[in-house]
Amino acid sequence: MKIGADDAGNTPRWKFSTAQPFDEQRRSFLGTLLALGSLCVGALLAVPLIRFALFPLLRRTTELKASPVGSLTEFSSLSEPIERTIQIEQVDGWRKAVSEKAVYVTKGAQGQLLVLSSICPHLGCTVPWVSEKREFSCPCHGAVYAPDGARISGPCLRGMDTLETSEQDGQLLVRFQYFRQLVADKEVIG
Amino acid sequence: MSPLHENENDASQDAATGIRGWLNRRTGLDSLLRGALDEPIPGGARLAYIFGSGLLFIFLSQIITGVFLALYYVPSADHAHTTVAYITKSVTAGSFLRGLHSYGASAMIVVLLLHLSQTYLYGAYKGRRELLWFSGCVLFVLVLGMAFTGYLLPWDQKAYFATAVGTNAASEMPLVGESVKRLMRGGTDMGTLTISRFFVAHVFLIPACIFALVASHLFLFRKVGAAGPFTEDPLEPKQKPEFFYPRQILMDLSLTALLIIGLGCLAFFMPVPLGPPANPSDAQYIPRPEWYYLPIFQWLKYWHGVASVIGVLVIPTLLALAIVALPFLDRSVERRPWKRPVAMSAYLFVMCALLGLGLRSKYLDRHDPEIAQQLAKQNSEEVAYMSKPFEPELSSASLAAANVALADPLAAKGKAIFESHYCTACHGEEGVGSAAAPALIGVGAKFSTDQITELLRHPTAKMKAGGMPTPELSPDEMKALVAYVASLK
């Protein structure tokens with residue numbers, strides 16, 4: 001067989017010389033079809049990419065889990081607020097930070113269990129419980145709060161902040177949050 | 001219409017109107033597209049020619065999935081494994097995209113071998129195609145480099161130990177071996193610097209080279225033209241040509257569709273596992289490379305001591321040189337395989353050798369009970385790790401507390417005072433600072449302990465104005481508190 005000879009077995013079905021004018025209409029119709037097809041397939045393939053990229057926006061990637069405060073029986077007969085250190089676990093994407101926060105477990109007006117943040121709603125100092133005076137008294141600017149956290153006097157604009165609680169398997173759980181200072185209404189931040 | 005617009009229309013021969021015409025008059029897009037599509041293929045379109053564009057498609061897919069994976073990946077020994085676990089276990093479609101990228105790497109090698117085989121078997125490297133062949137050879141090495149560097153990045157047991165072996169193999173080279181190994185690892189041992197190096201190679205250096213070489217490969221291909229069937233004259237094609245568009249492009253697209261479906265199904269139904277994090281002190285772990293490196297892995301087992309120079313350097317170099325120089329060594333224009341017995345035997349020999357070595361490696365692993373048992377154990381560890389939910393990494397800020405307690409008992413006592421005296425209320429946990437008071441981190445570097453003590457006993461006017469009280473402490477307590485404050489970093 002001579003090189004360059006036409007191998008009859010493999011001649012293409014639609015043959016045309018490059019010199020011939022090609023079927024412009026057919027070509028452009030097929031082209032449109034291909035472009036549309038590629039666009040559809042591309043759009044389909046983009047779905048997982050978009051979901052992947054939007055994951056942090058659609059799912060909570062920064063979250064604060066509820067932390068255990070202690071068993072409910074421990075707090076059944078409270079005579080005064082008691083301080084508890086809770087471990088809060090803050091998840092930030094693929095990492096988490098564990099820190100400790102002081103909270104007070106106390107009884108509300110109707111005898112229900114309350115968990116108070118120890119952060120003063122005035123300027124954020126930590127408020128200690130003064131057992132002798134039976135009141136919370138902020139060392140920084142003199143804000144005074146009742147055992148249930150209600151505001152008594154001082155520069156603060158609201159009482160101490162109650163935290164969201166829940167119960168699970170006889171345990172008291174609390175979700176620690178920060179609240180805006182220097183405002184009359186409780187407002188979650190961060 | 002303004003005269004300006006009329007002039008513009010007159011200047012253009014293109015009759016197209018609307019956006020397309022507007023674009024075309026400014027970019028010449030139509031003629032570019034026509035130039036790309038009207039590539040003549042001597043002898044007509046064939047399924048044998050589809051692998052080149054298949055490779056382009058996989059490369060594109062690798063770039064896209066790679067860029068998206070980089071949204072979450074962190075190249076450091078501390079975080080690499082956590083972030084890959086996060087991608088695999090937590091992020092929506094993360095396991096799927098990682099699967100596409102990982103299987104894509106294997107598909108790249110398969111299609112690359114097919115593309116190379118087609119070019120070789122069809123004698124398509126003949127007839128002024130030396131540079132085209134050469135750029136293809138370099139691309140082959142670059143793709144293997146991508147596979148090698150990418151394999152380490154998840155930093156699991158498999159990745160760590162396979163790369164330890166891979167970089168060790170480099171040190172078998174005479175004279176420069178040890179330096180090459182150290183250069184690759186960024187030190188004597190594998191560590192976080194190794195990840196940085198592999199990451200930079202995988203994401204910046206090698207892709208940049210691939211871009212440049214793909215461009216020159218395509219340019220050289222278009223310059224010399226498609227070689228056509230093996231019955232065609234490689235220098236002056238005589239067979240009736242057919243344009244690339246539409247039949248060849250349809251064939252190429254069918255391979256693309258097959259790749260999309262194949263890779264999609266693999267990534268979806270057989271997720272790529274991630275093993276437990278790399279543990280360099282694990283002496284039991286038996287590393288095995290990815291399938292495409294198995295023949296080399298097996299080959300290196302046969303060479304020890306002085307003879308290793310022959311096995312590791314001389315034979316591979318000669319083989320690589322022979323492959324690269326092929327268009328110079330084989331100058332005849334004869335392309336029909338049955339008229340090229342030497343070339344065909346060489347191809348068969350190399351392919352059989354590679355396949356044989358790979359299979360031999362698998363066979364040995366399966367028939368050595370100890371190795372088989374360890375490999376099975378490693379596999380089950382991988383499965384066990386995959387079945388556990390994602391566990392976020394504890395941030396370094398959380399760990400700092402524990403470190404202080406261990407490092408200095410006086411500072412640990414100071415930390416207790418810092419917290420019990422409500423210093424954290426304004427200065428924050430670990431003295432990180434808050435809106436109410438500045439951070440205390442680094443204070444120890446600025447002031448001596450005496451100066452800090454003095455400031456605590458007699459706060460400055462500015463401190464007092466900010467609400468800083470004078471702590472009532474015994475001298476011992478003060479010493480502890482100052483030690484703690486000075487230790488904050």
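How much accessible surface does chain A have, and what share of that surface belongs to carbon and sulfur atoms? Select chain A: its accessible surface is about 10,900 Å², with 55% belonging to carbon and sulfur (Shrake-Rupley method, 1.4 Å probe; for residues, only the protein chains shown count as cover).

Before moving on, know that this is a predicted model, where local features need pLDDT of at least 70, side-chain atom pairs count only at pLDDT 80 or more, and totals for chains, interfaces and linings use all residues. Residues are numbered from 1 along each chain as its sequence is written, chains are lettered from A and ligands numbered from 1 in the order in which they are written, and side-chain values use heavy atoms, leaving out hydrogens and water.

You'll find one helix and 13 strands (DSSP runs, H or I of at least four residues for helices, E of at least two for strands, numbered from the N terminus). Of the 190 residues, 36% are buried (under 20% relative accessible area, 1.4 Å probe, protein chains only).

Next, select residues 51-69 and 244-269 of chain B. These are helices α4 and α11, whose axes come within 9 Å and cross at roughly 40 degrees (lines fitted to C-alpha atoms over the stretch in contact, angles from 0 to 180 degrees between N-to-C directions).

Finally, show side chains: Phe51(B) and Phe57(B) are among the α4(B) residues meeting α11(B), where Leu255(B) and Leu259(B) are among the partners (contact means heavy atoms within 4.5 Å).

Key: Buried < 20%, exposed > 50% of the residue type's maximum accessible area, 1.4 Å probe, protein only.
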